Amino acid sequence: MRLTILDTEATGFRADDRVVEIGVRQIDRSGRVLQEFESLINPQRDIPNVHVHGVSSSHVRDAPIFSEIAGRLVEILAASDFVCAYNLSPGWSLLSSEFSRIG
């Protein structure tokens, strides 16, 4: 069994908002870490809610855009039996929107 734990930070929670940070950890049944990935992501827009998560435009200026990390994220999620997340519903919606933008 592979459990993947996912957390995202974003510019907001509307359909047009963007992910600014992602963290993923995949563990096995015994809690051993199988894969980890974390990255700041350049949303290519203003970040109005810096006070919520502390990620500012200067932090993400040189970070990859979502399309540049999407492949790695897909690899981890495809190798998962279960995915859980803090605030799964809005986080999953944001990720779905990001994937839709890149086709």
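Modeller: Gladly! A salt bridge here is a side-chain nitrogen of Lys or Arg within 4 Å of a carboxyl oxygen of Asp or Glu. Counted by this rule, there are six salt bridges. Keep in mind that this is a predicted model, in which local features need pLDDT of at least 70 and side-chain atom pairs count only at pLDDT 80 or more, while totals for chains, interfaces and linings use all residues. Residues are numbered from 1 along each chain as its sequence is written, and side-chain values use heavy atoms, with hydrogens and water left out.

Let us start with Arg101 and Glu98, whose side chains form a salt bridge with an N to O distance of 3.5 Å. Both residues belong to helix 4 (residues 88–102), where they are three residues apart, about one turn of the helix. (Helices, H or I with at least four residues, and strands, E with at least two, are DSSP runs numbered from the N terminus.) Arg101 is partly exposed at a relative accessible area of 36%, whereas Glu98 is buried at 1%. Through salt bridges with shared partners, Arg18, Glu98 and Arg101 are joined into one network. As for those words, buried means under 20% relative accessible area, exposed over 50%, and partly exposed in between, with a 1.4 Å probe and protein chains only.

Next come Arg25 and Glu36, which meet in a salt bridge at 2.3 Å, N to O. This pair links distant parts of the chain, eleven residues apart: Arg25 is in strand 2 (residues 19–28) and Glu36 in strand 3 (residues 33–40). Arg25 is partly exposed at 40% relative accessible area, and Glu36 is also partly exposed, at 46%.

Asp28 is found in strand 2 as well. It makes a salt bridge with Arg32, and the closest N and O atoms are 3.1 Å apart. Asp28 is buried at 14% relative accessible area, while Arg32 is exposed at 53%. The side chain of Asp28 also reaches the backbone nitrogen of Arg32 at 2.9 Å. Leaving aside residues up to four places away in sequence, Asp28 touches Met1 and Leu34; contact means heavy atoms within 4.5 Å.

Now for the setting. Four strands make up an open sheet with mixed pairing, in the order 3-2-1-4. Its edge strands are strand 3 and strand 4 (82–85), each of which pairs on one side only. On average, neighbouring strands of this sheet are turned by 15 degrees against each other, direction ignored. (Two strands pair if DSSP finds at least two bridges between them.) Strand 1 (residues 2–10) pairs with strand 4 in the parallel sense over four bridges, and Leu3 stands opposite Phe82 in strand 4.

Helix 3 (residues 66–78) lies across strand 1, strand 2, strand 3 and strand 4, and runs at about 155 degrees to strand 3. For these angles, axes are lines fitted to C-alpha atoms, for helices over the stretch in contact, and the values run from 0 to 180 degrees between N-to-C directions.

Methods. A polar contact is a pair of N or O atoms within 3.5 Å; within protein, one must be able to donate a hydrogen and the other to accept it, and residues adjacent in sequence count only if both atoms are side-chain atoms.
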